[in-house]
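Please look over the protein shown below.

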Amino acid sequence: MEECPHYGFKPLVWVISFFHSIILDRRKYGKIGWNVAYDFNESDFRISFRLLGLYLKKAFDNKDEMIPWGSLRYLIGEAMYGGRVTDDLDRRVLTTYLDEYMGDFLFDKNKEFFFAKTNEYNYSVPSQMNHEGFFTHIGDIPIINSPDVFGLHANAEITYFTNGAKTLWLNLISMQSAEGGGGDGINKDDYVMKVAADIQERIP
């Protein structure tokens, strides 16, 4: 976080981290999230991080007042992450996130920038721009995020919860034995009940 002296570097490290998290988590909504399930990974983030440092270091050395937003959005959205995207509508969603997240509005002192606002939490850039401040801010973010954070309608969660429940029950059914027992081996039903009871005991 200290490798680039440009004033915009640390806030933009948070921005691309948040962006990376959003596009990964969007997959849990199935076809509502992405038309195609893309394999975005850490290498996309790390290269975007390096590009960010490279361009901002150059802007700092040249004493450029303007951040090269167009180049950064293109390289991160079209080249790095966008290189995996095959669907035109998915590409539009990806670039829209960057348009909404990256701009001079991040540094507007008269109006605080928010990635999203919900009843539970307002998603913003940390006020303390260091490693400790970032981790404190991460700890404050709710573990469960509503579809509003992703720019989706609240009903998007219905599909997510439905699929989660189906997966849970199908896995339980696949572990269920065809017969009630009778052999020397452990009964699968008893084993499942034992595991379930153990999990319940461990939950606070």
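## The largest pocket

Helix α1 gives the most to the lining of the largest pocket: seven residues. Helices here are DSSP runs of H or I with at least four residues, strands are runs of E with at least two, and both are numbered from the N terminus. α1 spans 9-25. α5 (131-140) also supplies at least two lining residues. This is a predicted model, where local features need pLDDT of at least 70, side-chain atom pairs count only at pLDDT 80 or more, and totals for chains, interfaces and linings use all residues. Residues are numbered from 1 along each chain as its sequence is written, and side-chain values use heavy atoms, with hydrogens and water left out.

A pocket is found on a 1 Å grid over the protein atoms alone, as an open set of points where a 1.4 Å probe fits, with protein on both sides within 12 Å along at least five of seven lines; lining residues have an atom within 4 Å of a point. The largest pocket has 18 lining residues. Trp14, Ser17, Phe18, Ser21 and Ile138 lie nearest its centre. Its volume is about 440 Å³, counted as the space filled by probe spheres set on the joined grid points. The lining has 13 nonpolar, four polar and one charged residues. Nonpolar means Ala, Val, Leu, Ile, Met, Phe, Trp, Tyr, Cys and Pro; charged means Asp, Glu, Lys and Arg; the others, Gly among them, are polar.

## The second largest pocket

The second largest pocket holds about 300 Å³ of space. Its lining has 13 residues, with Pro11, Leu106, Phe107, Val125 and Pro126 nearest the centre. Eight are nonpolar, one is polar and four are charged.

## The nonpolar core

A nonpolar core joins buried Ala, Val, Leu, Ile, Met, Phe, Trp, Tyr and Cys residues through side-chain atoms within 4.5 Å. Buried means under 20% relative accessible area, with a 1.4 Å probe and protein chains only. The largest core has 45 residues, and Phe19, Tyr81, Tyr101, Met102 and Phe115 have the most contacts inside it. α1 gives the largest share, ten residues. Other elements that give two or more include α2 (42-61) and β1 (114-117).

Tyr81 has contacts (heavy atoms within 4.5 Å) beyond its neighbours within four places in sequence, among them Phe19, Phe40 and Leu94.

## Ala116

Is Ala116 buried or exposed? Ala116 counts as buried because its relative accessibility is 10%. Ala116 sits in strand β1. Leaving out residues up to four places away in sequence, Ala116 touches Tyr121, Asn122, Tyr123, Asp148 and Val149.

How values were computed
Buried < 20%, exposed > 50% of the residue type's maximum accessible area, 1.4 Å probe, protein only.
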